[in-house]
Amino acid sequence: MVTSACSTAAAPEGGEHPLPPPRKEGRGGPTSKAALLNASRNGVINQALVSFSSRVQPLLIICFLPPPPPVRSVHRFLAMKSMVVKTRRQGCREPSASDRERSSQAPAAPASGKAAGRRAGREGKTAPAPGSLAPGRGRLLLSVPARIGSRLGLTVPAFLKMGSALVLAAVAGILHWYHISNLFENDRHFSHLSTLEKEMAFRTEMVVLASWYRIYTGTMDFFGFPTKICWTVNRGEGLNPVESCEGLGDPAYFYVTFVFVLNGVMMSLFFIYGTYLSGSRLGGVVTVLCFFFNHGESTRVMWTPPLRESFSYPFLVLQMLLLTHILRTPKPGKKSFVALGVSNVLFMLPWQFAQFVLLTQIASLFASYIMGYLVSSKLQSLLLTHMVSLLACFVLMFGNSMLLTSFYASSLVSIWGVVALKKEISQYCKPGIATWVAEGLGWFISTVILKSLASAVLGAADDAHISSLIKSKFTSYKDFDTMMYTCAAEFDFMEKETPLRYIKTLLFPVNLLVFAVITGNTVKQVWKFLGQQKTERPETMNLQSADQTAQIPNGEMVYHLLQLIAFTVLAILIMRLKLFLTPHMCIMASLICSRQLFSWAGQKYRHQLLVFGILSIMAVQGVANLQSQWSIMGEFSNLPQEELLEWIKANSRSNAVFAGAMPTMASVKLSAMRPVVNHPHYEDAGLRQRTKLVYAMYSRKPAEEVRANLVKLGVDYFILEDSWCTRRSRPGCSMPEIWDVEDPRNAGKIPLCTLLGRDSRPHFITVFQNNIYKVLKVSKTTKDR
């Protein structure tokens, strides 16, 4: 057993391990002789005597060192001083086959010798059975996670927990990717559509993004990647067969696949997010299951994949996860803020509405700072990160002035000023509620003033319609742009059915419980904090120490609570924004697994049983919701629009300019590649003005006036849709009625679209017509009429 002891010898936990002093009897004292006599009686004395020759005696000194620590401390064993490890390796040799054979045959020596007694006392193990894992090999296998964990600063159990969490996150992401891709295929039968039909399936703003992406995917052929399979599909009903392609080489297929993969990664981030926030992998499971059980309220990527939010929202999840890490870490490093800035840029670039979401985030962080949950130094670092990322987006978006004139940009500057003037504010206001009110009013007033000044100086009005939309929610204010939004169901107030769906899946009750617990803790902590501030004079308060650690801990919990309130307000005002609220509610639901919040629920296993009970009740309605989604079977077909696009490609010049309804113009731009004067990106002020002139076709204005405006825009063809003339989502929301608000002078007259449906002459010429669309050629001269 001498050789095996040498191969695994290690220094104790104390650091350096000097060689033990020699015993008074000498290295070959009575203790060693007794052990050899014992071995002689068992028939192995000759081999033992050879091993005690003068050549091997120095090895015994090293082999008498204490045995290695237990396996549970193997990570400490790897961190021992390198000098001792090198000394041992030089003093020991690799065990030969004969040594292993002799060791396995030799009986255990009595506990009279020092080395033998120590090994029996520390190890207490016999030789491994044939075919079992040798102790050396076992330690080698365990050293792999130990080495990786030591580089990451983690213990072996922590590293294994992290590894299992990453595996579960990957599984969640794969499941979500599979779920949404199959729902989309079942709804559209996308794999069997022709290229034109796939393009027509992309509606409204999705199509403009697809047209840009089409230019990019054209470069794939240059590198010679044949990654698609095409076949002929017989559509029946007297329709011509079409070629259908499937695979990543098809532009539309590659496009939606990328979106689905990105949203699969988003689900992995949700699992990691829930695990990190709650401190339990079960919290990640709760987050993922809540998202699946409320899938229809959480996302619409499975029905409209190429929307801008489908590209943007996954990066918001990453951004909030990084923000949670920064809030939880006392002194976060620069890399964390750099990662936060990059995620900000990736979130803002695809979607114009991202700035309003980040505005609510900044407001929530500022409220956390006011209440004492966030120190000024960390808040200023966060503000600086947001400022840099905002400027980066301004450059990458070719100088989009909408970013610099937004409430988000003004809020960043105003909060920085309030934080910088905190000492001056405390001199005039008593610490407590009065200071909170003063700081809050200072932020709000300065934000509005800065926003107005920036818009006036830069002459930008791109987000004016947002201010009008918010104004219309609280007042009776109406105009053309506002009604274009509010008459759409997704921009109306939240429907009553949505809270009922939250209640059926227990998402609302669970969030209400978490909300109550965090609110109760916050009130207690803030009340105690205010009491401490009242006992201290402002001039004696140690402001420097306040910048090192937060006055009140658990600031990330309060931030998520405030963010939940902000998302709730947005979702109530605009139903479409429940796509922010529902996922955040799923994140908050993970906190039912937090021992920090629910330690009063009993021991850990009882707490987990309670969580599993809640999940089982959730699953009743949640599984029904999933089955309802899985039962959706459909197939996309739009023959009237297909006829329209084929006519445009065959009978119009490549530079002919078209105008019409925004969704139709997006399809004309993508499939027919013709210039259009308006498209669904309604946030641009110039585009809104052009769209208003185009939509005058559905007003009650004279035909001559409308034709003159179209000529000024350079329009060659107008695509008239009778449905836009008669469609009415609710009273007062048909296009002629919307124009009555904007143009009361012509109210009561027959709509122009109705007149042109009967006879387009003399100002327009009908060149194409089917049961849905009517293409009118704009008469630009007297000869054309």
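User: How much space lies in the second largest cavity?

Analyst: Rolling a probe the size of a water molecule over the atoms shows where empty space is left. Here, the second largest cavity holds about 70 Å³. A cavity is a set of points, on a 1 Å grid over the protein atoms alone, where a 1.4 Å probe fits but cannot get out; its volume is the space filled by probe spheres set on the points, which are joined across faces, edges and corners. This is a predicted model, where local features need pLDDT of at least 70 and side-chain atom pairs pLDDT 80 or more, while totals for chains, interfaces and linings use all residues. Residues are numbered from 1 along each chain as its sequence is written, and side-chain values use heavy atoms, without hydrogens and water.

User: Which residues line the second largest cavity?

Analyst: Lining residues have an atom within 4 Å of a point. Among them are Phe270, Tyr313, Phe580 and His584. H13, H16 and H30 each supply at least two; helices are DSSP runs (H or I, at least four residues), numbered from the N terminus.

User: What is the volume of the largest cavity?

Analyst: About 170 Å³. Of its 16 lining residues, Ser298, Thr299, Glu309, Tyr313 and Leu579 are the closest to the centre.

User: At what angle do H10 and H13 cross?

Analyst: Two packed helices are described by the angle between their axes and the distance between the axes. For H10 (residues 156-188) and H13, that's roughly 145 degrees, with the axes coming within 7 Å. Axes are lines fitted to C-alpha atoms over the stretch in contact (heavy atoms within 4.5 Å), and angles run from 0 to 180 degrees between N-to-C directions.

How values were computed:
On a 1 Å grid over the protein atoms alone, a cavity is a set of points where a 1.4 Å probe fits but cannot get out, and a pocket is an open set with protein on both sides within 12 Å along at least five of seven lines; lining residues have an atom within 4 Å of a point.
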